[in-house]
Amino acid sequence: MNSIRVEDAIVQVQQGNKEALEVIYSMFKAPLYQFVFRYTNNEQLSIDIVQDSFEKLQRKIHQYNPEKGKLKTYLFQIAYNTMITKVKRQNRLRSLLPFLAEDIKVAHRENYEEKWAVQAAIESLPEDLRVVVLLMYYHDLTQKEISSILNIPVGTVKSRLHRALQKLKMELEVNEDA
Amino acid sequence: MHNPFDAEEELKQKLDQYTVEVPDFPVKKARTTRIANWVFAPTYIPFPEVGYKQVSAKVIVSLPLFIIPVTFIPILFFIK
């Protein structure tokens with residue numbers, strides 16, 4: 001699907017065409033779900049966040065200005081903010097009701113050894129470093145786009161990337177000279 | 001802009017192994033589907049952010065069955 005169709009779909013959604021939202025959804029559902037899942041490691045929560053993000057997109061689509069940035073960046077920003085709110089609420093509930101909390105991190109792991117190691121390494125990164133790696137490596141976003149999604153300076157993105165790479169290489173036992 | 005991953009071939013190979021399969025789900029949450037899932041499907045979690053344990057959920061659901069008879073115990077003291 002090319003960029004012209006994305007722009008057409010945006011205009012149509014802005015004009016109230018709900019079917020056009022399905023076009024945008026079919027294009028961005030997978031990357032958004034993958035981003036949220038890699039961050040939260042929780043399937044049901046990821047589905048919830050993606051659906052909430054598209055509901056918010058539909059409500060806020062009139063505020064979207066293509067000149068300020070790509071729709072992909074805008075959608076990832078909505079998904080990130082939604083995810084952070086939900087994760088914070090989850091952590092608060094877990095601290096209040098620890099006996100109800102399940103160790104989701106263990107529940108969704110798969111048995112493939114190498115994949116598990118990578119999943120565990122990403123999971124072991126602090127949240128601020130993890131999100132930068134996910135957005136840059138798995139979703140090909142630029143440092144500038146990441147800075148606008150996370151609402152932080154580009155310099156901070158760079159330093160977080162550097163620290164995240166060091167930690168990942170250590171966790172995955174990657175040779176420094178490679 | 002410089003991508004620091006470009007120089008990390010070995011790391012990239014490892015990171016590429018972390019694939020995520022996307023389940024099929026609609027764009028909107030259907031209220032009826034959510035209720036049906038909550039009533040009939042034991043795997044569905046109405047508030048996933050809580051991260052319930054299955055046993056804990058069962059205990060919570062069955063608590064009224066225990067509490068209701070207990071609330072009637074004081075009444076027994078007034079029956080002559």
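I took contact to mean heavy atoms within 4.5 Å. The model is predicted, so I kept in mind that local features need pLDDT of at least 70, that side-chain atom pairs count only at pLDDT 80 or more, and that totals for chains, interfaces and linings use all residues. Residues are numbered from 1 along each chain as its sequence is written, chains are lettered from A in the order in which they are written, and side-chain values use heavy atoms, with hydrogens and water left out.

**Entry: A:Thr82**

I started with A:Thr82 and its partners. Leaving out residues up to four places away in sequence, A:Thr82 touches A:Ile49, A:Asp52, A:Ser53 and A:Lys56. I found A:Thr82 in helix H4 of chain A, residues 71-96; helices here are DSSP runs of H or I with at least four residues, strands are E runs of at least two, and both are numbered from the N terminus. Is A:Thr82 buried or exposed? A:Thr82 counts as buried because its relative accessibility is 3% (buried is under 20% relative accessible area, exposed over 50%, partly exposed in between, with a 1.4 Å probe and protein chains only).

**Entry: chain A overall**

Next I looked at the whole chain. Chain A has nine helices and zero strands. Of its 178 residues, 49% are buried. Among contacts with a separation of 6 or more, 61% are between residues 24 or more positions apart. Chain A exposes about 9200 Å², with carbon and sulfur atoms supplying 48% of that area (Shrake-Rupley method, 1.4 Å probe).

**Entry: aromatic rings**

Rings of Phe, Tyr and Trp (its six-membered ring) pair if their centres lie within 6.5 Å; planes under 30 degrees apart are stacked, over 60 edge-to-face, and the rest tilted. A:Tyr33 and B:Phe25 make a tilted pair, because their ring centres are 5.9 Å apart and their planes stand at 50°. This pair joins two chains, since A:Tyr33 lies in helix H2 (residues 18-40) of chain A and B:Phe25 in the loop between helix H1 (9-15) and helix H2 (31-40) of chain B. Both A:Tyr33 and B:Phe25 are buried.

A:Phe35 and A:Phe76 are also tilted, because their centres are 5.3 Å apart with planes at 50°. That pair links distant parts of the chain, from A:Phe35 in helix H2 to A:Phe76 in helix H4, 41 residues apart. I found A:Phe35 and A:Phe76 both buried.

I also noted one aromatic cluster formed by A:Tyr25, A:Tyr33, A:Phe37, A:Phe54 and B:Phe25.

**Entry: charges over rings**

Last, I checked for charges over rings (NZ of Lys or CZ of Arg within 6 Å of the ring centre and within 35 degrees of the ring normal). A:Arg38 lies over the face of B:Tyr18, at 5.3 Å from the ring centre. A:Arg130 sits over the face of A:Tyr39, at 4.9 Å from the ring centre.
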